[in-house]
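Visitor: Hi, could you walk me through this one slowly? I am new to reading structures.

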Amino acid sequence: AGRMDRGEGTLGRLSKDEALINEVQGVAEGVNDYVDSLRRLQTVVGLRSDYNYLSSTVKSYVELRLYPREDKYYLIELINDPRGKTSFAQTDVSTTNPRDPANYRVITTTTTDAFRFSLQFARRLGPFTGRFGIKESTGGLGLDVHLLRDRFELRSDFFGFGEEIQPRFRVYIGYEFIHRLWLLGGVDHLFLANRRDYFLGLQLR
């Protein structure tokens, strides 16, 4: 006990080392802050199905939102799109063949049967929420407007960069007509007339 009181030996040095004591205290406070953030983390799960009128197909989503704070969240989605994942390749050709034009362009469309995924960061400012990250396996941006105590939403997505020649634009509205049950409707591929479609869906959130 006397050696410990004088700061001698291993236990004595540990009990007298202010720097070590402060470091341990800082680590403990950091752990407490991390545990508190996990305790405040809110999780929202969404199950959604859309019926596309022109293509007569059903598109399904599984959505997970992680809210570390009320004004921001992380969005994770897994999407089953019956139209598959479509990519476009553009090739400019120069030829000396007299039967063909001297210069022409070939556009190749490839569709594969694959799930799509989204991983986005969202931040809310007042009635507006901005999103950016990966949308349906491509780079994408989004903007949402919340009205009527968050029971009405106007959502827009701009994505498909690098996958399609012209980016994909989708806009739709959502209304929570029953607690946690949303009715959705909108337009997909707004800029491409040959791929434009209209959809109506339900989401349990």
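This is a predicted model: local features need pLDDT of at least 70, side-chain atom pairs count only at pLDDT 80 or more; totals for chains, interfaces and linings use all residues.

Visitor: What about contacts between residues 24 or more positions apart, what part do they account for?

Guide: If we take the contacts with a separation of 6 or more, residues 24 or more positions apart account for 37% of them.

Visitor: How many cavities of 30 Å³ or more does a search of the whole structure find?

Guide: The search finds 3 cavities of 30 Å³ or more. In the largest cavity there is about 80 Å³ of space, while the second largest cavity holds about 40 Å³.

Visitor: Which residues line the largest cavity?

Guide: The lining includes Arg48, Glu63, Arg65, Glu77, Arg131 and Tyr172, and Arg205 is also among the residues there. Strand 2, strand 7 and strand 9 (152-161) each supply at least two residues of this lining, and by type the lining of the largest cavity divides into 9 charged, 2 nonpolar and 1 polar.

Visitor: And which ones line the second largest cavity?

Guide: That cavity is lined by Arg48, Asp50, Asn52, Lys59, Tyr61, Arg170, Asp188 and Phe199. Strand 1 gives the most to the lining of the second largest cavity, with 3 residues, and the whole lining of this cavity divides into 5 charged, 2 nonpolar and 1 polar.

Visitor: New topic, then. How many aromatic pairs does the structure hold?

Guide: The structure holds 8 aromatic pairs. In one of them, the rings of Phe121 and Phe132 have their centres 5.9 Å apart and their planes at 70°, so this pair is edge-to-face.

Visitor: Why is 70° called edge-to-face?

Guide: The planes of Phe121 and Phe132 are at 70°, and because planes over 60 degrees apart count as edge-to-face, the pair gets that name.

Visitor: Where in the chain do Phe121 and Phe132 lie?

Guide: Phe121 lies in strand 6 and Phe132 in strand 7, so the pair ties together parts that are 11 residues apart in sequence. Both rings belong to one aromatic cluster, which Tyr74 forms together with Phe121 and Phe132. Phe121 counts as partly exposed at 23% relative accessibility, and Phe132 is partly exposed too, with a relative accessible area of 48%.

Visitor: What about Phe169 and Phe191, is that pair stacked or edge-to-face?

Guide: The rings of Phe169 and Phe191 have their centres 5.3 Å apart and their planes at 10°, so the pair is stacked. This pair links distant parts of the chain, 22 residues apart: Phe169 is in strand 10 (residues 168-178), and Phe191 is in the loop between strand 11 (181-188) and strand 12 (197-204). Phe191 counts as partly exposed, at 43% relative accessibility.

Visitor: Last one: where does Glu136 lie?

Guide: Glu136 lies in the loop between strand 7 (128-135) and strand 8 (138-147), and Ser137 has its place in the loop between strand 7 and strand 8 as well. Phi of Glu136 is near 50°, a positive value in a residue other than glycine, and for Ser137, also a residue other than glycine, phi is positive and near 70°.

Visitor: Is Glu136 buried or exposed?

Guide: Glu136 is buried, with a relative accessible area of 0%.

Definitions and conventions. Residues are numbered from 1 along each chain as its sequence is written. Side-chain values use heavy atoms; hydrogens and water are left out. Helices (H or I, at least four residues) and strands (E, at least two) are DSSP runs, numbered from the N terminus. Buried means under 20% relative accessible area, exposed over 50%, partly exposed in between (1.4 Å probe, protein chains only). Contact means heavy atoms within 4.5 Å. On a 1 Å grid over the protein atoms alone, a cavity is a set of points where a 1.4 Å probe fits but cannot get out, and a pocket is an open set with protein on both sides within 12 Å along at least five of seven lines; lining residues have an atom within 4 Å of a point. Grid points are joined across faces, edges and corners, and a volume is the space filled by probe spheres set on the points. Ala, Val, Leu, Ile, Met, Phe, Trp, Tyr, Cys and Pro count as nonpolar, Asp, Glu, Lys and Arg as charged, and the others, Gly among them, as polar. Rings of Phe, Tyr and Trp (its six-membered ring) pair if their centres lie within 6.5 Å; planes under 30 degrees apart count as stacked, over 60 as edge-to-face and the rest as tilted.
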